[in-house]
Amino acid sequence: MAITIKSNREIELMREAGRLLALVHEEMGQFIRPGVSTKEIDELGEKVIRSFGCEPNFLNYNGFPASVCVSVNDEVVHGIPNKNRILQEGDIVSLDAGLIYKGYHSDAARTYGVGQISPEAQKLIDETRNSFFEGIKMAKPGNRLFDISNAIDAYISQFGYGIVRDLVGHGIGTRLHEDPQIPNFRQLRRGPKIQAGMTFAIEPMINMGRADVEWLDDDWTVVAEDGLPSAHYENTILITDGEPEILTLI
């Protein structure tokens, strides 16, 4: 496992990649409402990314046909935008997007309610987000990588939710997916030591019901096997000498 340590110059480029992606998410989040198609969200995301002089890093990545993954209700991740998929009142929708700025990647995801949603769905969204922040409390030098995983698991398990095991967080830099893999569930090993200059994409994917998932026939869309809703929250973070820096929040 070769975890890259970013130079000061690289960190500045990743900061800007993260800042711009946060703005993309802000635009997309404000666009969410009943009657909008998932394709329209993708088109908006790509337009904003390109307006910054950046490239969408998801587009054509291993053949993915869009710039934004738009996953609705029981879709966990990698939902393919479609002009005929219209958001309805009460849905929840996860938007996962990334961009390339001067050769450096950023990656972030958010889950939104569409109009009025159930208290149960809102709690799932909120606790998925909270689990990210519990995890990154451990993202500092002196700790080990899987301390992050264990903290996410310890927090989310109290709610009886299913932590998706088939998909994990990852390193990020000049490539969208770098070493290491970062599970959101408890590990028996502690993993490598965390060092300043490492950059990670931490991304809890949490199901309201069981953890089991399956892939649809499009070979991309991952859904909760039991058909219950799923939430996703992700940021690109930088390990510093102290507290971690979240690069994709403004």
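Trainee: Which residues touch the most other members of the largest nonpolar core?

Mentor: A quick word on the model: it is predicted, so local features need pLDDT of at least 70 and side-chain atom pairs count only at pLDDT 80 or more, while totals for chains, interfaces and linings use all residues. Residues are numbered from 1 along each chain as its sequence is written, and side-chain values use heavy atoms, leaving out hydrogens and water. In soluble globular proteins, nonpolar side chains tend to be buried together. A nonpolar core here is a set of buried Ala, Val, Leu, Ile, Met, Phe, Trp, Tyr and Cys residues joined through side-chain atoms within 4.5 Å; buried is under 20% relative accessible area, exposed over 50%, partly exposed in between (1.4 Å probe, protein chains only). Met28, Ile41, Val93, Leu95 and Leu99 touch the most other members among the 35 residues of the largest core.

Trainee: Which elements give two or more residues to this core?

Mentor: They are α1 (8-31), α2 (38-51), β2 (68-72), β4 (92-101) and β5 (104-113). These are DSSP runs numbered from the N terminus: helices are H or I, at least four residues, and strands E, at least two. The largest share, 8 residues, is from α1. There's also a second, separate core of 17 residues, with Phe200 and Ile246 among them.

Trainee: How many disulfides are there?

Mentor: A disulfide is a covalent bond between the sulfur atoms of two cysteines. With the cut-off for the sulfur pair set at within 2.5 Å, the count is 0. The sulfur of Cys69 is 18 Å from the closest cysteine sulfur, in Cys54, so a bond is ruled out by distance. Cys54 is buried at 2% relative accessible area, and Cys69 is buried too, at 4%.
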